[in-house]
Amino acid sequence: MQKLKVGVIGTGNISSAYLNNSTKFDSMEIVACADLDVDRAKAKAEEFGIRGCSVEELLADPEIGMVINLTIPQAHAAVCLQALEAGKHVYVEKPFTVTREEAQAVLELATRKGLLVGSAPDTFLGGGIQTCVKLIEDGWIGTPVGATAFMMSGGHESWHPAPEFYYQKGGGPMFDMGPYYLTAMVAMLGPISRVTGMARVSFPERTITSKPKFGQKVQVEVPTHVAGIIEFASGPIGTILQSFDVKGGSKLPCIEVYGSAGTLLVPDPNTFGGPIQFKRAGSQEWSDIPLVYPNTDNVRGLGAADLAKAAISGRKARPSGELAYHVLEAMHGFYDAAEQGAHYTMKSSCEKPAPFTLGLQPNSLD
């Protein structure tokens with residue numbers, strides 16, 4: 001099969017996962033990486049046997065048909081626009097962009113150029129969430145009535161080598177982890193019609209306890225504890241809580257989906273596999289559900305491969321820009337609702353991403 005040649009822009013913490021996994025897919029081949037720090041790009045390139053270069057050189061390379069944008073959130077829109085102007089499809093890490101206006105500009109330029117744009121997270125394409133999608137569509141829980149989603153942590157300053165951007169615009173628990181939870185919920189229950197919520201900054205200053213920046217102070221610019229309510233267009237009502245302020249840990253589940261015939265315990269949406277549990281209405285026991293789809297290990301980059309396959313074949317991409325924008329709007333909607341003390345009615349919608357067919361081999365897309 002024809003492979004789309006791909007360049008990576010941004011060689012920070014997450015880039016190794018993409019570079020490691022890219023060789024598993026038959027739709028793309030990463031041939032180069034670039035960074036504002038060209039020496040860092042060249043060091044990463046040497047590690048993986050590809051070419052390291054400047055951003056300008058990568059964008060000028062006619063061989064490269066798609067860019068994977070792994071820059072920090074504040075740079076997502078600018079790099080996406082540069083890549084699209086250079087005539088390349090774009091797959092960007094989450095969040096899609098920082099603002100709704102930036103995202104709209106990216107989508108409009110992609111449409112004008114006849115190019116595809118997509119965004120992480122791609123964990124909803126893993127065997128765990130895909131199996132949950134099938135269970136719901138096959139009627140295991142009956143009519144869906146509600147869902148809950150919890151991400152409770154104490155923040156990233158205790159482990160990340162450069163955690164500052166998690167507390168700047170485009171960061172915080174909702175923009176960092178919310179895309180995993182909201183994308184999984186949209187994949188299972190469909191698009192969102194309106195949201196409301198409350199948000200706060202519990203600790204205006206953070207102290208980094210990880211190396212190499214141990215002891216440095218971080219000023220917090222974004223809410224770090226966000227509670228939201230979601231109305232899905234298909235009827236169910238969801239609750240979401242995303243926090244960097246839970247210092248004592250939590251035992252809450254990642255995601256549960258409730259229906260007229262049972263409850264589905266959904267795996268961590270920041271992973272690709274299981275476990276999945278189901279409890280039928282009237283039963284006293286939870287049952288373990290085997291995964292019926294592959295891609296259960298850490299296959300970060302699966303979404304980029306799906307976008308590349310879509311670019312080659314002409315089919316729709318599953319991690320589409322429209323899906324990413326819908327999730328981004330919902331996240332901003334929680335903030336708007338918190339500030340205004342009102343519901344936020346969504347202006348966008350999206351299609352539920354097409355589920356995979358049964359019988360796929362590992363690392364396959366169709």
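Q: How many residues has helix α4, and how far does it reach from its first C-alpha to its last?
A: This is a predicted model, so keep that in mind. Helix α4 covers residues 73-85, which is 13 residues. It reaches 19 Å, close to the 18 Å expected at 1.5 Å a residue.

Q: Which residues of α4 are buried?
A: Pro73, His76, Ala77, Val79, Cys80, Ala83 and Leu84.

Q: Why would residues three or four places apart point the same way?
A: An α-helix has 3.6 residues a turn, so residues at that spacing point the same way.

Q: What covers the buried residues of α4?
A: The cover includes strands β1 (4-9), β4 (66-69) and β5 (89-92). Helices α3 (55-60) and α5 (100-113) are also part of it.

Q: And what follows α4?
A: Gly87, with a positive phi near 85 degrees.

Q: Switching to α8. How many of its residues are buried?
A: Twelve of its twelve, so the helix is mostly covered, taking buried as under 20% relative accessible area. Among them are Tyr180, Tyr181, Met185 and Met188.

Q: What span should α8 have, at 1.5 Å a residue?
A: For the twelve residues 178-189, 16 Å. The end C-alpha atoms are 16 Å apart, which agrees.

Q: What comes just after α8?
A: Gly190, which takes a positive phi of about 95 degrees. Pro191 sits in the loop between α8 and β8 (192-200).

Q: Is Pro191 buried or exposed?
A: Buried. Its relative accessibility is 16%, and the cut-off for buried is under 20%.

Q: Which residues does Pro191 touch?
A: Leaving out residues up to four places away in sequence, Pro191 touches Val186, Phe232, Ala233, His326, Ser349 and Cys350. Val186 is one of the buried residues of α8.

Q: How far is Pro191 from Leu323?
A: They are 132 residues apart in sequence, but 8.6 Å apart in space, C-alpha to C-alpha.

Q: Now the whole protein. How many helices and strands?
A: Ten helices and 17 strands. The radius of gyration is 20 Å, close to the 21 Å from the globule rule for 366 residues, so the protein is as compact as a globular protein of that length.

Q: What percentage of the residues count as buried?
A: Of the 366 residues, 57%.

Q: Last one: charges. How many positive and negative side chains?
A: There are 31 positive and 38 negative. The centres of the two sets lie 2 Å apart.

Definitions and conventions:
Residues are numbered from 1 along each chain as its sequence is written. This is a predicted model: local features need pLDDT of at least 70, side-chain atom pairs count only at pLDDT 80 or more; totals for chains, interfaces and linings use all residues. Side-chain values use heavy atoms; hydrogens and water are left out. Helices (H or I, at least four residues) and strands (E, at least two) are DSSP runs, numbered from the N terminus. The expected span of a helix is 1.5 Å times one less than its number of residues. Buried means under 20% relative accessible area, exposed over 50%, partly exposed in between (1.4 Å probe, protein chains only). The radius of gyration is taken over C-alpha atoms; the globule rule is 2.2 Å times the number of residues to the power 0.38. Lys and Arg count as positive and Asp and Glu as negative; His and the chain ends are not counted. The place of a charge is taken as NZ of Lys, CZ of Arg, CG of Asp or CD of Glu. Contact means heavy atoms within 4.5 Å.
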